[in-house]
Amino acid sequence: MIRSILLLGLLSFCIQCKTATKIQTVDQDTVAPIAIPTVDKPKNIILMIGDGMGLGQLTAGMYYNGNKTALEKFPVIGLHKSHAGNKLITDSAAAATSFASGVKTYNGAIGVDMDTVAVETVLEKAEKKGLATGLIATSTIVHATPASFISHNKYRKNYEEIALDFMDTEIDFFAGGGKKFFDRREDERDLLKEMESNGYIICNYLTDYDNCPIDPSKNFAYLTADADPLPASQGRDYLEPITKSALPYLDNKNDNGFFLMVEGSQIDWGGHANNSEYILTEFVDFDKTVNHVLEWAKKDGETLVIVTADHETGGYAIQQESTMDSLITAFTSTYHTAVMIPVFAYGPGSATFSGIYENTAIFDKMVRALSLDNSPSTFKK
Ligand code: MG
Ligand code: ZN
(Lines give C-alpha, C1' and ligand atoms only; values in the text may rest on other atoms or scores of the structure.)
(Ligands and ions follow the chains in the order given, each with its own letter.)
Protein backbone atom coordinates (compact mmCIF):
# COMPACT_ATOMS: atom_id res chain seq x y z
CA MET A 1 0.00 0.00 0.00
CA ILE A 2 2.69 2.44 1.09
CA ARG A 3 4.69 1.39 -1.94
CA SER A 4 1.91 2.16 -4.40
CA ILE A 5 1.30 5.59 -2.85
CA LEU A 6 5.00 6.33 -3.21
CA LEU A 7 4.87 5.17 -6.81
CA LEU A 8 1.82 7.29 -7.50
CA GLY A 9 3.58 10.26 -5.93
CA LEU A 10 6.59 9.76 -8.17
CA LEU A 11 4.35 9.32 -11.20
CA SER A 12 2.40 12.49 -10.59
CA PHE A 13 5.63 14.32 -9.96
CA CYS A 14 6.85 13.20 -13.41
CA ILE A 15 3.57 14.13 -15.08
CA GLN A 16 3.85 17.58 -13.57
CA CYS A 17 7.39 17.90 -14.96
CA LYS A 18 6.22 16.91 -18.40
CA THR A 19 3.23 19.25 -18.35
CA ALA A 20 5.35 22.14 -17.20
CA THR A 21 7.68 21.65 -20.16
CA LYS A 22 4.76 21.34 -22.53
CA ILE A 23 3.15 24.61 -21.43
CA GLN A 24 6.34 26.49 -22.12
CA THR A 25 6.23 25.31 -25.73
CA VAL A 26 2.60 26.24 -26.38
CA ASP A 27 2.16 29.00 -28.90
CA GLN A 28 -0.12 31.68 -27.36
CA ASP A 29 -2.17 31.92 -30.56
CA THR A 30 -3.36 28.34 -30.33
CA VAL A 31 -4.85 28.75 -26.83
CA ALA A 32 -8.61 28.39 -27.18
CA PRO A 33 -10.51 31.51 -26.05
CA ILE A 34 -13.03 31.18 -23.23
CA ALA A 35 -16.39 30.60 -24.88
CA ILE A 36 -18.80 33.54 -24.58
CA PRO A 37 -21.98 32.16 -23.00
CA THR A 38 -24.77 32.22 -25.53
CA VAL A 39 -28.24 33.36 -24.49
CA ASP A 40 -31.01 31.24 -25.91
CA LYS A 41 -33.15 33.28 -28.29
CA PRO A 42 -36.87 32.62 -28.46
CA LYS A 43 -38.74 32.78 -31.74
CA ASN A 44 -41.98 33.93 -30.09
CA ILE A 45 -42.87 36.02 -27.03
CA ILE A 46 -46.16 35.83 -25.15
CA LEU A 47 -46.51 38.60 -22.55
CA MET A 48 -49.37 38.00 -20.12
CA ILE A 49 -50.53 40.84 -17.87
CA GLY A 50 -52.85 40.36 -14.93
CA ASP A 51 -53.95 43.96 -14.43
CA GLY A 52 -53.78 44.85 -10.72
CA MET A 53 -52.42 41.40 -9.79
CA GLY A 54 -50.09 41.91 -6.83
CA LEU A 55 -48.79 39.22 -4.49
CA GLY A 56 -51.93 39.52 -2.33
CA GLN A 57 -54.23 38.81 -5.30
CA LEU A 58 -51.96 36.02 -6.46
CA THR A 59 -51.76 34.36 -3.04
CA ALA A 60 -55.49 34.64 -2.36
CA GLY A 61 -56.21 33.41 -5.88
CA MET A 62 -53.95 30.41 -5.33
CA TYR A 63 -55.74 29.37 -2.11
CA TYR A 64 -59.14 30.04 -3.68
CA ASN A 65 -58.07 27.75 -6.53
CA GLY A 66 -57.37 24.81 -4.16
CA ASN A 67 -53.86 25.93 -3.16
CA LYS A 68 -52.50 25.80 -6.69
CA THR A 69 -51.69 28.18 -9.54
CA ALA A 70 -50.02 27.75 -12.94
CA LEU A 71 -47.51 30.35 -11.78
CA GLU A 72 -45.90 27.72 -9.53
CA LYS A 73 -44.62 26.00 -12.68
CA PHE A 74 -42.45 28.94 -13.74
CA PRO A 75 -38.71 28.44 -13.14
CA VAL A 76 -37.67 32.11 -13.20
CA ILE A 77 -39.11 34.80 -10.94
CA GLY A 78 -38.19 38.47 -10.65
CA LEU A 79 -39.70 41.69 -9.31
CA HIS A 80 -40.32 44.95 -11.12
CA LYS A 81 -40.68 48.50 -9.84
CA SER A 82 -43.90 49.90 -11.25
CA HIS A 83 -43.57 53.64 -10.60
CA ALA A 84 -44.58 56.05 -13.36
CA GLY A 85 -42.56 58.97 -14.75
CA ASN A 86 -44.53 61.57 -12.81
CA LYS A 87 -46.00 59.63 -9.87
CA LEU A 88 -44.88 56.88 -7.51
CA ILE A 89 -48.27 55.23 -7.96
CA THR A 90 -48.67 54.31 -11.62
CA ASP A 91 -51.83 53.90 -13.65
CA SER A 92 -52.30 51.15 -16.23
CA ALA A 93 -51.51 53.42 -19.18
CA ALA A 94 -48.08 54.58 -17.98
CA ALA A 95 -47.26 51.05 -16.78
CA ALA A 96 -48.20 49.37 -20.07
CA THR A 97 -46.29 52.05 -22.00
CA SER A 98 -43.20 51.11 -19.94
CA PHE A 99 -43.60 47.43 -20.91
CA ALA A 100 -44.42 48.26 -24.52
CA SER A 101 -41.88 50.99 -25.26
CA GLY A 102 -39.30 51.05 -22.45
CA VAL A 103 -39.96 54.58 -21.20
CA LYS A 104 -41.23 55.93 -17.90
CA THR A 105 -44.07 58.29 -18.68
CA TYR A 106 -46.95 60.16 -17.05
CA ASN A 107 -50.18 58.56 -15.86
CA GLY A 108 -52.72 58.52 -18.67
CA ALA A 109 -50.11 58.29 -21.47
CA ILE A 110 -50.72 55.74 -24.24
CA GLY A 111 -47.52 54.94 -26.17
CA VAL A 112 -46.09 58.43 -25.70
CA ASP A 113 -43.24 59.74 -23.55
CA MET A 114 -43.22 62.51 -20.90
CA ASP A 115 -43.32 65.09 -23.75
CA THR A 116 -46.27 63.34 -25.47
CA VAL A 117 -43.96 62.21 -28.29
CA ALA A 118 -44.90 58.79 -29.72
CA VAL A 119 -42.53 55.95 -28.78
CA GLU A 120 -42.39 52.83 -30.95
CA THR A 121 -43.76 49.73 -29.23
CA VAL A 122 -42.45 46.17 -29.10
CA LEU A 123 -45.51 45.13 -31.12
CA GLU A 124 -44.70 47.70 -33.83
CA LYS A 125 -41.04 46.66 -33.83
CA ALA A 126 -42.06 43.01 -34.13
CA GLU A 127 -44.43 43.81 -36.99
CA LYS A 128 -41.67 45.78 -38.75
CA LYS A 129 -39.40 42.72 -38.56
CA GLY A 130 -42.08 40.51 -40.07
CA LEU A 131 -43.33 38.76 -36.94
CA ALA A 132 -47.04 38.08 -36.53
CA THR A 133 -48.69 40.10 -33.74
CA GLY A 134 -51.70 39.78 -31.47
CA LEU A 135 -53.57 41.44 -28.59
CA ILE A 136 -56.19 39.82 -26.37
CA ALA A 137 -57.93 41.51 -23.41
CA THR A 138 -60.95 41.09 -21.16
CA SER A 139 -61.51 44.88 -21.18
CA THR A 140 -62.22 46.86 -24.34
CA ILE A 141 -59.36 46.46 -26.82
CA VAL A 142 -58.87 50.26 -26.73
CA HIS A 143 -58.44 50.26 -22.92
CA ALA A 144 -55.11 51.43 -21.46
CA THR A 145 -53.23 48.12 -21.31
CA PRO A 146 -53.78 46.74 -24.83
CA ALA A 147 -53.90 50.28 -26.32
CA SER A 148 -50.37 51.07 -25.13
CA PHE A 149 -48.98 48.34 -27.40
CA ILE A 150 -50.56 49.62 -30.60
CA SER A 151 -51.60 53.25 -30.18
CA HIS A 152 -50.04 56.64 -29.41
CA ASN A 153 -52.26 59.11 -27.65
CA LYS A 154 -51.70 61.74 -25.01
CA TYR A 155 -54.76 60.62 -23.06
CA ARG A 156 -56.04 57.10 -22.35
CA LYS A 157 -59.71 57.95 -22.62
CA ASN A 158 -59.60 59.12 -26.26
CA TYR A 159 -61.04 55.73 -27.19
CA GLU A 160 -62.20 56.60 -30.71
CA GLU A 161 -58.77 58.04 -31.59
CA ILE A 162 -57.12 54.95 -30.13
CA ALA A 163 -59.37 52.69 -32.25
CA LEU A 164 -58.30 54.66 -35.32
CA ASP A 165 -54.65 53.75 -34.61
CA PHE A 166 -55.51 50.08 -35.24
CA MET A 167 -55.86 51.12 -38.90
CA ASP A 168 -52.18 52.15 -39.04
CA THR A 169 -51.02 48.65 -38.16
CA GLU A 170 -51.29 45.21 -39.64
CA ILE A 171 -52.00 43.47 -36.36
CA ASP A 172 -52.83 39.88 -37.25
CA PHE A 173 -55.14 38.90 -34.39
CA PHE A 174 -57.02 40.86 -31.76
CA ALA A 175 -59.86 40.16 -29.37
CA GLY A 176 -61.53 42.37 -26.79
CA GLY A 177 -64.53 44.57 -26.12
CA GLY A 178 -65.34 48.09 -27.35
CA LYS A 179 -67.06 47.42 -30.69
CA LYS A 180 -68.85 50.78 -30.46
CA PHE A 181 -65.55 52.70 -30.67
CA PHE A 182 -65.00 51.12 -34.09
CA ASP A 183 -68.43 51.17 -35.71
CA ARG A 184 -70.47 53.97 -34.05
CA ARG A 185 -68.09 56.87 -34.06
CA GLU A 186 -68.37 60.62 -34.04
CA ASP A 187 -66.60 60.79 -37.42
CA GLU A 188 -69.19 58.30 -38.73
CA ARG A 189 -66.53 55.96 -40.10
CA ASP A 190 -67.10 52.24 -39.68
CA LEU A 191 -63.62 50.93 -38.95
CA LEU A 192 -64.78 47.31 -38.86
CA LYS A 193 -66.13 47.62 -42.42
CA GLU A 194 -62.86 49.28 -43.43
CA MET A 195 -60.87 46.48 -41.84
CA GLU A 196 -63.00 43.91 -43.60
CA SER A 197 -62.24 45.50 -46.94
CA ASN A 198 -58.55 45.49 -45.91
CA GLY A 199 -58.74 41.69 -45.61
CA TYR A 200 -59.70 41.13 -41.97
CA ILE A 201 -62.22 38.58 -40.84
CA ILE A 202 -64.33 40.45 -38.28
CA CYS A 203 -66.37 38.52 -35.80
CA ASN A 204 -68.36 39.77 -32.83
CA TYR A 205 -70.16 38.69 -29.67
CA LEU A 206 -73.42 38.09 -31.53
CA THR A 207 -71.76 35.00 -33.02
CA ASP A 208 -70.52 32.28 -30.71
CA TYR A 209 -66.75 32.36 -30.86
CA ASP A 210 -66.55 28.70 -31.94
CA ASN A 211 -68.51 29.57 -35.07
CA CYS A 212 -66.17 32.37 -36.15
CA PRO A 213 -64.31 31.43 -39.30
CA ILE A 214 -60.56 31.69 -38.78
CA ASP A 215 -58.65 31.68 -42.04
CA PRO A 216 -54.89 31.60 -41.49
CA SER A 217 -54.34 33.58 -44.69
CA LYS A 218 -56.38 36.49 -43.30
CA ASN A 219 -56.10 38.73 -40.26
CA PHE A 220 -58.69 38.21 -37.55
CA ALA A 221 -60.54 40.39 -35.05
CA TYR A 222 -63.16 39.38 -32.49
CA LEU A 223 -65.12 42.17 -30.80
CA THR A 224 -66.25 40.53 -27.59
CA ALA A 225 -68.66 43.23 -26.37
CA ASP A 226 -70.10 46.55 -27.38
CA ALA A 227 -68.39 48.29 -24.44
CA ASP A 228 -66.75 46.55 -21.45
CA PRO A 229 -66.97 42.74 -21.48
CA LEU A 230 -68.83 41.17 -18.53
CA PRO A 231 -66.99 39.90 -15.45
CA ALA A 232 -66.13 36.17 -15.60
CA SER A 233 -68.60 35.56 -12.74
CA GLN A 234 -71.41 36.84 -15.00
CA GLY A 235 -70.63 34.50 -17.86
CA ARG A 236 -67.65 35.95 -19.77
CA ASP A 237 -65.70 32.89 -20.86
CA TYR A 238 -63.65 33.77 -23.95
CA LEU A 239 -60.14 34.41 -22.60
CA GLU A 240 -58.88 30.83 -22.62
CA PRO A 241 -60.61 29.62 -25.84
CA ILE A 242 -59.56 32.67 -27.85
CA THR A 243 -55.99 32.45 -26.57
CA LYS A 244 -56.07 28.74 -27.41
CA SER A 245 -56.85 29.43 -31.05
CA ALA A 246 -54.57 32.49 -31.27
CA LEU A 247 -51.47 30.40 -30.53
CA PRO A 248 -51.51 28.01 -33.52
CA TYR A 249 -52.92 30.81 -35.71
CA LEU A 250 -50.00 33.16 -34.95
CA ASP A 251 -47.49 30.31 -35.00
CA ASN A 252 -48.53 29.31 -38.51
CA LYS A 253 -48.92 32.86 -39.82
CA ASN A 254 -45.32 33.04 -41.04
CA ASP A 255 -41.82 31.71 -40.31
CA ASN A 256 -40.61 34.77 -38.41
CA GLY A 257 -42.27 34.12 -35.06
CA PHE A 258 -44.85 36.18 -33.19
CA PHE A 259 -45.49 38.62 -30.36
CA LEU A 260 -48.73 38.23 -28.39
CA MET A 261 -49.99 40.19 -25.38
CA VAL A 262 -52.80 38.61 -23.32
CA GLU A 263 -54.42 40.61 -20.52
CA GLY A 264 -56.60 39.50 -17.63
CA SER A 265 -57.99 43.03 -17.39
CA GLN A 266 -60.57 42.80 -14.65
CA ILE A 267 -58.50 41.58 -11.66
CA ASP A 268 -57.87 45.35 -11.36
CA TRP A 269 -61.58 46.17 -11.43
CA GLY A 270 -62.19 43.83 -8.50
CA GLY A 271 -59.47 45.72 -6.62
CA HIS A 272 -61.00 49.13 -7.36
CA ALA A 273 -64.38 47.82 -6.22
CA ASN A 274 -62.78 46.32 -3.07
CA ASN A 275 -64.56 43.14 -4.08
CA SER A 276 -62.61 40.02 -3.13
CA GLU A 277 -64.88 37.59 -4.99
CA TYR A 278 -64.44 39.66 -8.18
CA ILE A 279 -60.62 39.52 -7.84
CA LEU A 280 -60.59 35.78 -7.18
CA THR A 281 -62.88 34.75 -10.05
CA GLU A 282 -60.91 36.95 -12.46
CA PHE A 283 -57.63 35.52 -11.20
CA VAL A 284 -58.82 31.95 -11.78
CA ASP A 285 -59.90 32.84 -15.34
CA PHE A 286 -56.47 34.37 -16.03
CA ASP A 287 -54.58 31.53 -14.32
CA LYS A 288 -56.37 28.93 -16.45
CA THR A 289 -55.23 30.80 -19.55
CA VAL A 290 -51.66 31.09 -18.23
CA ASN A 291 -51.67 27.33 -17.73
CA HIS A 292 -52.74 26.68 -21.31
CA VAL A 293 -50.13 29.09 -22.70
CA LEU A 294 -47.38 27.53 -20.59
CA GLU A 295 -48.25 23.98 -21.67
CA TRP A 296 -48.35 25.11 -25.31
CA ALA A 297 -44.95 26.82 -24.93
CA LYS A 298 -43.46 23.67 -23.37
CA LYS A 299 -44.40 21.68 -26.46
CA ASP A 300 -43.31 24.46 -28.80
CA GLY A 301 -39.86 24.93 -27.25
CA GLU A 302 -39.16 28.26 -28.99
CA THR A 303 -41.48 30.51 -27.01
CA LEU A 304 -40.65 32.84 -24.14
CA VAL A 305 -43.62 33.31 -21.79
CA ILE A 306 -43.64 36.25 -19.38
CA VAL A 307 -46.40 36.75 -16.81
CA THR A 308 -46.60 39.89 -14.71
CA ALA A 309 -48.91 42.71 -13.60
CA ASP A 310 -48.77 46.42 -14.27
CA HIS A 311 -49.30 47.29 -10.58
CA GLU A 312 -51.19 46.13 -7.51
CA THR A 313 -54.74 47.40 -6.92
CA GLY A 314 -56.50 47.87 -3.59
CA GLY A 315 -53.68 47.19 -1.11
CA TYR A 316 -55.26 43.76 -0.88
CA ALA A 317 -54.21 41.61 2.09
CA ILE A 318 -55.14 38.29 3.69
CA GLN A 319 -56.07 38.78 7.35
CA GLN A 320 -55.69 36.90 10.62
CA GLU A 321 -58.25 34.09 11.20
CA SER A 322 -58.15 33.20 7.49
CA THR A 323 -57.91 29.55 6.53
CA MET A 324 -57.04 28.09 3.13
CA ASP A 325 -60.73 27.43 2.55
CA SER A 326 -62.02 30.68 3.98
CA LEU A 327 -60.06 33.83 3.30
CA ILE A 328 -60.66 36.98 5.30
CA THR A 329 -59.34 39.85 3.24
CA ALA A 330 -59.06 43.61 3.57
CA PHE A 331 -58.17 46.59 1.40
CA THR A 332 -56.18 49.72 2.19
CA SER A 333 -57.15 51.62 -0.97
CA THR A 334 -59.61 51.84 -3.84
CA TYR A 335 -56.72 52.75 -6.16
CA HIS A 336 -53.36 51.25 -7.11
CA THR A 337 -50.40 50.81 -4.74
CA ALA A 338 -46.61 50.91 -5.21
CA VAL A 339 -45.57 47.42 -4.04
CA MET A 340 -43.09 45.67 -6.31
CA ILE A 341 -44.68 43.27 -8.78
CA PRO A 342 -43.65 39.66 -9.47
CA VAL A 343 -42.52 38.64 -12.96
CA PHE A 344 -42.63 34.96 -14.00
CA ALA A 345 -40.73 33.70 -17.04
CA TYR A 346 -40.40 30.42 -18.90
CA GLY A 347 -38.58 29.40 -22.07
CA PRO A 348 -35.57 30.53 -24.12
CA GLY A 349 -34.31 33.86 -22.79
CA SER A 350 -36.21 33.53 -19.49
CA ALA A 351 -33.07 33.63 -17.30
CA THR A 352 -32.73 37.40 -17.87
CA PHE A 353 -35.97 37.97 -15.94
CA SER A 354 -34.61 37.07 -12.50
CA GLY A 355 -33.69 39.87 -10.12
CA ILE A 356 -35.16 43.29 -9.33
CA TYR A 357 -35.50 45.88 -12.10
CA GLU A 358 -37.62 48.76 -13.42
CA ASN A 359 -40.77 47.90 -15.41
CA THR A 360 -39.06 49.43 -18.47
CA ALA A 361 -36.47 46.61 -18.34
CA ILE A 362 -39.20 44.19 -19.45
CA PHE A 363 -39.25 46.02 -22.80
CA ASP A 364 -35.43 45.93 -23.00
CA LYS A 365 -35.32 42.20 -22.28
CA MET A 366 -38.05 41.40 -24.84
CA VAL A 367 -36.42 43.51 -27.57
CA ARG A 368 -33.05 41.85 -26.93
CA ALA A 369 -34.57 38.37 -26.84
CA LEU A 370 -36.26 38.82 -30.23
CA SER A 371 -33.27 40.80 -31.65
CA LEU A 372 -35.63 43.62 -32.58
CA ASP A 373 -34.45 47.04 -33.65
CA ASN A 374 -33.47 48.90 -30.47
CA SER A 375 -32.43 52.16 -32.11
CA PRO A 376 -34.00 55.41 -30.84
CA SER A 377 -37.61 55.09 -31.72
CA THR A 378 -39.59 58.20 -30.94
CA PHE A 379 -41.56 59.76 -33.76
CA LYS A 380 -43.97 62.61 -34.30
CA LYS A 381 -47.52 61.50 -34.81
MG1 MG B 1 -55.72 46.94 -18.08
ZN1 ZN C 1 -56.75 50.19 -12.13
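**View 1. Ser-326 is partly exposed, at a relative accessible area of 39%.** Here, buried means under 20% relative accessible area, exposed means over 50%, and partly exposed is in between, with a 1.4 Å probe and protein chains only. This is a predicted model, in which local features need pLDDT of at least 70 and side-chain atom pairs count only at pLDDT 80 or more, while totals for chains, interfaces and linings use all residues. Residues are numbered from 1 along each chain as its sequence is written, chains are lettered from A and ligands numbered from 1 in the order in which they are written, and side-chain values use heavy atoms, with hydrogens and water left out. Ser-326 sits in the loop between β11 (317-318) and β12 (329-330); helices (H or I, at least four residues) and strands (E, at least two) are DSSP runs, numbered from the N terminus. Tyr-63 is 263 residues away along the chain, yet its C-alpha atom is 8.8 Å from that of Ser-326.

**View 2. Three residues hold the magnesium ion (ligand 1): Asp-51 (OD), Thr-145 (OG1) and Glu-263 (OE).** The distances run from 2.0 to 2.2 Å. Donors are N, O and S atoms within 2.8 Å of the metal (3.2 Å for Na, K and Ca), and water is not among the atoms, so the site may look incomplete. Along the sequence, the donor residues follow the spacing D-x93-T-x117-E. Asp-51 belongs to the loop between β1 (44-50) and α2 (55-64), and Glu-263 to strand β8 (residues 258-264), so this pair links parts of the chain 212 residues apart. Both Asp-51 and Glu-263 are buried.

**View 3. The largest nonpolar core has 53 residues.** Such a core is a set of buried Ala, Val, Leu, Ile, Met, Phe, Trp, Tyr and Cys residues joined through side-chain atoms within 4.5 Å. Phe-149, Phe-174, Phe-182, Phe-259 and Phe-353 have the most contacts inside it. Helix α12 (residues 360-369) gives this core its largest share, six residues. Leave out residues up to four places away in sequence, and Phe-353 still touches Val-76, Ile-77, Leu-304 and Met-366, among others; contact means heavy atoms within 4.5 Å. Apart from this core lies another, of 44 residues, including Met-53 and Tyr-249.

**View 4. Helix α12 is mostly covered, with eight of its ten residues buried.** Among the buried ones are Ile-362, Phe-363, Met-366 and Val-367, along with Lys-365.

**View 5. Helices α2 and α11 (residues 276-300) cross at roughly 75°, their axes coming within 9 Å.** Axes are lines fitted to C-alpha atoms, for helices over the stretch in contact, and angles run from 0 to 180 degrees between N-to-C directions. That makes α2 and α11 roughly perpendicular, a label for angles of 65 to 115 degrees. On the α2 side, the contact includes Gln-57, Leu-58 and Tyr-64; on the α11 side, it includes Glu-277, Leu-280 and Phe-283.

**View 6. Thr-116 and Glu-188 are residues other than glycine with positive phi.** For Thr-116, phi is near 60°. Thr-116 lies in the loop between α3 (92-101) and β3 (118-119), partly exposed at 42% relative accessible area. Glu-188 has phi near 65° and lies in the loop between α7 (180-183) and α8 (191-197). Glu-188 is exposed, at 72% relative accessible area.

Terms used:
Parallel < 35°, antiparallel > 145°, perpendicular 65-115°, else oblique.
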